[in-house]
Amino acid sequence: MLPVGGIADDEQRLNVVATLATFADIAQSIGGDRVKVSHIASPRFNPHFIEPRPTDVLRVKRADLFIHGGLDLEAWRGPLVDAAANPRVRPGGDRELPLATGISLLDVPKALSRADGDVHVHGNPHYWLDPRNGRVIAETIAEKLESLDPQHAHAYRDGLDRFTGELNREMKKWESLLAPHKGREFVAYHDEWAYLFDFAGLRSEVFLEPKPGIPPTPKSLLQVEKHVLEHGIPAVVQATFMPKRPAKKLAGRTGVRVIFLCQNVGELPAAKSYASLIAYNVTQLLSALED
Amino acid sequence: MKTNTCRIAAFVGTMACVLIPAHADETEELRKELSETRSALQEMEKRLENLEESNISEDNVVTRGVSSLNPEIGMVADIVYINTESPEDFEGNDKLSVRELELIIGADIDPYARFDSTLTFSDFEEFVIEEAYITLFAIPWEMKGRLGRVRPVVGKANPLHLDQQDTSDYPLVIQEYLGVDGWFVTGGEISRLFNLSSESWAGDLLFGAVEGGVGEGGTMFDDTRRNPTLYARLKSFWDLSDQTSLELGGNWLQGSSSETEDLDVMALAGDLTWIHSFDANRRLKIQSELWWQDRDQPASGGGHGHGEEEDHEDELEESEGPVDFRSHPIGLYVSGDLRLSDRFGIGGRFDYVEPINIEGDGGEDMGGTAYFTFYQSEFFRWRAQYQHVDFAEGLDDNRVWLQATIGIGVHKHALQ
């Protein structure tokens with residue numbers, strides 16, 4: 001990332017705190033050296049279940065901008081913001097930025113009940129895994145940075161152009177590589193890849209979890225095993241932080257491959273930026289499809 | 001003539017060899033373009049369909065807008081079977097009970113304040129307002145305030161609700177000194193989070209002033225509400241890595257031993273919490289608190305904090321001489337909780353408490369606890385716990401808890 005217009009002092013830089021490492025990476029790409037970015041949730045842990053620490057509370061307390069998913073993935077966000085006692089980053093505050101704005105959400109539930117597991121009220125919240133949404137997220141962040149720091153609006157716009165330019169180039173490659181495999185089906189541990197599959201023209205309709213957030217049971221695994229064998233599923237996909245034993249068991253019984261995808265930047269060394277996160281996931285999917 | 005015909009045929013043949021492949025290339029290109037356009041159209045249709053599904057009608061916007069102003073409401077239920085050797089018909093002994101039903105209601109009041117409350121019901125205790133406080137966000141110098149009925153932030157166990165404890169009961173030192181269900185009381189707190197040069201360290205300084213008294217069965221302070229209790233806490237937290245953290249806390253309390261005394265009891269407490277996450281699903285937590293008091297009066301009220309609801313005031317009035325008591329009673333616990341997977345966890349706790357008032361041989365309460373937890377889901381937890389306690393009076397007890405804890409609705413307790 002090239003510095004834009006010289007290195008700014010710490011005092012002049014906007015202090016941006018994001019809930020997830022992916023949001024932080026995009027913000028850093030847009031803001032360059034005009035922003036000091038940090039994130040709360042370590043990408044090595046399940047973003048549904050994060051326990052913010054006092055150091056996280058202090059970061060949000062001092063944030064010039066607090067970026068989050070805007071839906072109900074980060075259920076820990078409310079207590080974190082309450083503890084931080086920074087009125088400007090509370091819901092509706094001028095320094096709070098929910099990123100779901102402008103995103104076309106998938107899997108919006110028609111009815112809500114915990115009998116359906118840990119359903120997400122507004123729809124599937126893992127939207128950043130579709131690079132088309134990555135462009136929308138970047139635009140949203142750029143607009144906010146421009147409004148907070150209009151003096152350097154041109155720098156943020158340049159950052160956005162570089163980010164989306166690189167992403168658009170990579171997207172063309174990914175689309176052409178994935179095109180021959182349109183319609184193929186994977187099995188996933190948790191329903192967190194809907195947007196990635198939507199972009200890739202793939203699908204996942206059966207999950208190791210019998211219901212979202214409910215750990216797999218022997219009975220549910222048997223049903224998945226039957227589905228894998230009947231439909232020639234190329235692989236089971238899951239994030240690195242999901243329990244590995246159920247998929248391993250399934251692989252042992254059916255011979256199906258298990259591939260680990262990344263939910264967030266930094267989850268694995270190969271996913272060190274947003275573009276490389278998507279590239280890694282696409283590469284892993286292709287390795288199973290072309291096997 | 002024949003030659004011209006041959007020439008024309010040769011020319012036509014040559015042109016055909018050139019033009020037909022060129023047309024074929026163009027046709028292939030057009031076919032490809034058409035296919036791409038069709039795919040793009042299908043994609044746009046799908047996105048339109050999704051947008052239409054997620055769009056909200058005018059009526060729903062109004063309804064949703066109004067219902068968005070409703071407070072967050074959740075409920076936590078603690079259903080427990082306790083088997084004990086104690087003959088007391090108390091605290092759910094030897095029966096299945098809805099030990100605690102917490103109704104949690106909270107909402108932002110305005111951009112600068114939030115209200116949270118926990119109303120607690122039980123099938124063997126009276127209804128209590130466990131918490132009902134306003135949190136103030138816009139106090140100068142980055143401070144935060146709480147005003148109302150609170151669980152004072154002293155130590156690690158007391159600020160937490162029963163459903164947040166790693167065990168099925170509070171540590172014995174909390175039960176003995178602060179109350180069977182811990183200490184919740186009306187007053188105010190002010191706090192400030194801060195750090196120095198390192199971003200991996202945070203400090204938190206807190207002061208509180210509340211009405212007198214402790215929780216049910218607690219012995220540290222007298223129940224006279226108009227004699228205030230003051231307290232302070234300094235917390236020091238280290239992010240050792242993204243997997244490991246260490247917290248050390250120091251606590252000071254000053255309260256009254258009787259109706260006629262004023263702020264004559266001082267208590268100091270230290271606490272330590274070390275957490276290490278092996279991976280996303282496995283975690284070890286070690287926690288300990290040590291409490292020490294400086295007092296020159298006996299405990300005037302409360303029970304023993306371990307199930308006996310005796311009123312010592314009558315005993316004191318009827319006693320023929322001064323009550324024998326410890327000037328510097330101490331109490332401590334050490335606990336470990338090991339989350340083995342997303343489904344299972346085990347743990348244990350060691351307790352040691354010196355009752356303030358000395359009875360009989362003047363011994364102390366000492367206990368050991370072991371438990372196993374099964375997480376049916378994020379919202380439903382089962383626990384089996386065994387505890388053995390040797391009481392100061394020479395009695396002992398063996399207890400078994402079988403506990404089901406559930407949460408419905410929106411239920412978010414404050415961060416620890």
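Modeller: Start with helix 9 of chain A, residues 274-289, which lies across strand 7 and strand 8 of chain A. Helix 9 runs at about 170° to strand 8 of chain A. Bear in mind that this is a predicted model.

In chain A, 4 strands form an open sheet. Their order is 6-5-7-8, and the pairing is parallel. Strand 6 (203-207) and strand 8 (257-261) of chain A stand at the edges. Each has a single partner strand, so one side of each is left without a neighbour in the sheet. Neighbouring strands of this sheet are turned by 40° against each other on average, direction ignored.

Look next at one pair inside that order. Strand 5 (residues 185-188) and strand 7 (residues 235-239) of chain A run parallel and are joined by 2 bridges. Find A:Val187: its bridge partner in strand 7 of chain A is A:Val236. Strands of a sheet pair through backbone hydrogen bonds, either parallel or antiparallel.

Helix 8 of chain A, residues 245-254, also packs on the sheet. Helix 8 touches strand 7 and strand 8 of chain A. The direction of helix 8 makes about 150° with that of strand 8 of chain A.

Last, the contact between the chains. Chain B gives 35 residues to it, and chain A gives 32 residues. On the chain B side, helix 1 (2-54), strand 4 (128-139), strand 7 (201-210) and strand 8 (229-239) each supply at least two residues. Helix 1 of chain B brings the largest share, 5 residues. By class, the chain B side has 13 nonpolar, 9 polar and 13 charged residues.

Note on methods. Residues numbered from 1 in each chain as written. Chains lettered and ligands numbered in written order. Predicted model: local features only at pLDDT ≥ 70, side-chain atom pairs only at ≥ 80, totals over all residues. Pairing = 2+ DSSP bridges. Axes fitted to C-alpha atoms, helices over the stretch in contact; angles between N-to-C directions. Contact = placed C-beta atoms within 7 Å. Nonpolar A, V, L, I, M, F, W, Y, C, P; charged D, E, K, R; others polar.
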